[in-house]
Amino acid sequence: MSTYAQKKGFGATLWDFLTTVDHKKIAILYLIAGGFFFLVGGLEAIFIRIQLAVPNNDFVSAGLFNEIITMHGTTMIFLAAMPLVFAFMNAVMPLQIGARDVAFPFVNALGFWLFFFGGIFLNLSWFLGGAPDAGWTSYASLALHSKGHGVDFYILGLQISGIGTLIGGINFLVTIINMRAPGMTYMRMPLFTWTTFVTSALILFAFPPLTVGLVLMMFDRLFGANFFDVTLGGNTVIWEHLFWIFGHPEVYILILPAFGIFSEIFPIFSRKRLFGYSSMVFATVLIGFLGFMVWAHHMFTTGLGPVANAIFAVATMAIGVPTGIKIFNWLLTMWGGSVKFTTPMHWAMAFIPSFLAGGVTGVMLASAAADYQYHDTYFVVAHFHYVIVGGVVFAVFAGTHLYWPKMFGTMLNETLGKITFWLFFIGFHLTFFIQHFLGLWGMPRRVFTYLPGQGFDSANMVSSIGAAFMGLGVIVMLYNIIVTSVKNVKVGNDPWGDGRTLEWAIPSPPPFYNFKQLPLVRGLDAYWLEKMDGKKGMTPAEPLGDIHMPNSSFLPFMMALGLFIAAFGAMYHVNDKAWALPVMIIGLLVTFGSMFLRSVKDDHGFHIHKEDLMDDDDKGVKA
Amino acid sequence: MKRLAKWRLISLFSILALVLSGCGEPYLSTLKPAGEVAKMQYDLMKLSTLIMVGVIIVVAIIFILILVRFKRKDDRIPKQVEGSHKLEIIWTVVPILLLLILAVPTVAATFKLADVSPMDKKNTKAIVINVRSHLYWWDFEYPGQKIVTSQDLVVPTNEKVYFNLKSTDVKHSFWIPAVGGKLDTNTDNINKFWLEFDDKQANEAGNLFYGKCAELCGPSHALMDFKVKAISRDKFDDWVASMQNVKEPAKAQGTVAAQGQEIFNQSCIGCHAVTPSNKMPETARLAPNLSDFGNRTRVAGVLDHNKEELKNWIRNPETYKPGNMMTGKYPEMSEEQLNALSEYLMGLKVQK
């Protein structure tokens, strides 16, 4: 049905997206919402660099600066990087395993709307008395000290969007376990699917600690509890543990799908199967596992003592091993290949040195005794931007170019794509490389200004100039998207010509049921195998028959909206506003009412009949 | 892609230029270590950088060879290689060995830096300093010497100085970059560590190191600087003796200053002490101790140390340190009162 959507009016299209349970449309929603928040977070980053370009600057005030850095971090991690990664998982993973949708399409839509309303709630803080200002880590003593409702927006907004992420992760897990096409064994799954799988497992175990921390903080700030109030027997270090038990796996939640995207790009554009596939899978699982063993390296200076610091230092270094395995496997994938430098490949190539730089500073940071110097300085800022921008953001750009034709049926302009790449790549290194040195020269992070005469002036100016280049790169990218969408030149199943996995075996964009007949998978790189055997498409694993599809529903939107309304009630309840409690009750009624409706109303979905599918043949839809 | 190689080369040169020219300021930079702790940490930095540069070179060589050799020229389908056990074992085992080379000294240094046993001995001769961090200022108490000072930490060189760190409001972090890594001042517990200040390096840095707060603590986090006067043990002992000599608030010299002292006694003394003895419990020390204010190097940690800036500060602290705890705690002062007050405060010196 997605192919018909463009013929509808705007209202009908909007309603279609508000009620959709189709993983491909939800992917587009994630891409749009994540892209929007990426621009918001990017704008905040530009403000930060303007403020820090010269010493003693007063572009923004000290308090506002703290709000900007807090929102920059929170927005980029929770509202930009995660949903953008989720966009690709939704768009590609079900296609890669030969499924017609995710296991729970309704829950998939609910996950998106929860994330979306959580993000909107968090950002409304700008217009309702001030954004959170305690850093994206929101350490408890400062968060409790913070006046106004900023931190409340953080707690409630993240709580709502966190539920969305958690159920999204569970959904992906179930999908990958249960819905693989015939012949798609675990060790034949494309690496992006593998990383989605491991990431989803990380989400399942990492988000509950965050939820617990946020609930405790919520009770402290809104309902008079004292979990983190030291004078009343609370403990603030507990917050640090809870946050980082979530926070460290979180960065792997972001980087593993990025690894997955690059593990698709290198084989496609080298025309060569992924080198050391099984060790790549093993390394992915190992990184996911070790990711839970190292959270205290964010707390080396908290004073946990030498035993804890030494153990966590060695554990952290250990992560360097599987990551190194991956880097060399990617290099050897290209070795002996026939490498074509398309835009996605530009990003993938640039990822290797950039991420490597972030990785080696990661090992340096793991050395606990030396970390006492790096910790909370611009060295750390440089490190995590090298891994998150050089890894995740590069992957998002690469994935956008790679999967744009699969998601929208048209190719982004390659020349503009390469211009974006060079602007962003140069800007990125200009901005962040020098920050390693700023940190070593003694500049702490999260400072709203610095005094002249400390040797920080020119380096900060260089860094700010770099940020401008990155901004230009993103603008060219937006222009590219607009131009491409207006031209809308349609492409076929396999627009890059060298697709290896199942998603390239079906039309771009795929029909709403994905596969008319589920494909038979004969090995790794299933579509490539068929192509090499001289076949045009996949061998079907089942006779043509009726396909069972889920109905669209407006209930996910309503469930999320209810929590969004209730959050306002919970927050303003503190101010003894008379309307707060009723609003909270109404909001919860909307949510639970929708859930009740969903439970009592039988929704059996519908069937696409065999005859209608046969008609589709004329349009070139192949299973 | 040749442009990429060129760009790499340029960045390599700029790195070299940076390394050669810029190691930062001697009073602030971790790359100019001025004490045993910073030196140990600097050695670890060098070791880890060396190992990592080795890894980078290996990757760079393979990377460049790929760029040069495997660009698509024809439509051939390359051989599909599954993997290589030999290679995979090599790039698993070699990194493990490299990491062990780094892990051993890391663990050793971590334990060495945490060894504060001398400060817990009874009748210890070691200098112990209780650091208490407050919203945007630092309180330094010398329990053995029974004196208190603020903002400008005074320490003897060439011996281990031990610190008890705690915060009274929100979490901060105590950091003297040139002398050693930081340790957080938690609200929950006391953290302990030691630093050593090298005499020669201290001289090069003008005997004054810059200290920083390294943990986000509110709007004025960036302005929570302090200074460290590192002086020889003899001079330190002199200073301690002079501090101990001040038993009651020093009498102001001259009529203007006397007037200032009167204003101070009416409006300021509720929070600011002008005697260095530590009879008050730490929670009652609401504001920096001003006994030795005349010898400070900065007003409020960030402004130049002169009467004009002092008057500016008292006139409106909020413009200089947003979110501070001083604003609004005292009546507005006339220009004349400000003059008198700053005259008095600038005269507060335990050593002339």
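**Exercises on a two-chain predicted model**

In chain A, 61% of the 623 residues count as buried (20 or more other C-beta atoms within 10 Å of the residue's own, with C-beta atoms placed from the backbone; 12 or fewer is exposed, and in between is partly exposed). This is a predicted model: local features need pLDDT of at least 70, side-chain atom pairs count only at pLDDT 80 or more, and totals for chains, interfaces and linings use all residues. Residues are numbered from 1 along each chain as its sequence is written, while chains are lettered from A and ligands numbered from 1 in the order in which they are written.

**Exercise 1.** Compare the radius of gyration of chain A with that of a compact globule.

*Solution.* Take the radius over C-alpha atoms; the globule rule is 2.2 Å times the number of residues to the power 0.38. For 623 residues the rule gives a value near 25 Å. Chain A has 24 Å, so the two agree. The C-alpha trace spans about 70 × 60 × 45 Å along its principal axes.

**Exercise 2.** Describe how helix 3 and helix 6 of chain A cross.

*Solution.* Helices here are DSSP runs (H or I, at least four residues), as are strands (E, at least two), numbered from the N terminus. Locate helix 3 at residues 62-96 and helix 6 at residues 150-178 of chain A. Their axes, lines fitted to C-alpha atoms over the stretch in contact, come within 12 Å and cross at roughly 15° (angles run from 0 to 180 degrees between N-to-C directions). Helix 3 of chain A is therefore roughly parallel to helix 6 of chain A (under 35 degrees; over 145 is roughly antiparallel, 65 to 115 roughly perpendicular, the rest oblique). The residues of this contact (C-beta atoms, placed from the backbone, within 7 Å) include A:F78 and A:M82 of helix 3 and A:L158 and A:S161 of helix 6.

**Exercise 3.** Which helix of chain B gives the most to the side that touches chain A?

*Solution.* Start with the totals: 78 residues of chain B are in contact with 75 residues of chain A. Among the contributing elements, each with at least two residues, are helix 1 (2-21), helix 2 (36-69) and helix 3 (85-113) of chain B. Helix 3 of chain B gives the most, with 15 residues.

**Exercise 4.** Where does A:D376 lie, and is A:D376 buried or exposed?

*Solution.* Find the loop between helix 12 (368-374) and helix 13 (378-408) of chain A; A:D376 is there. A:D376 has a positive phi of about 55°, although it is not a glycine.

Methods: Two residues are in contact if their C-beta atoms, placed from the backbone, lie within 7 Å.
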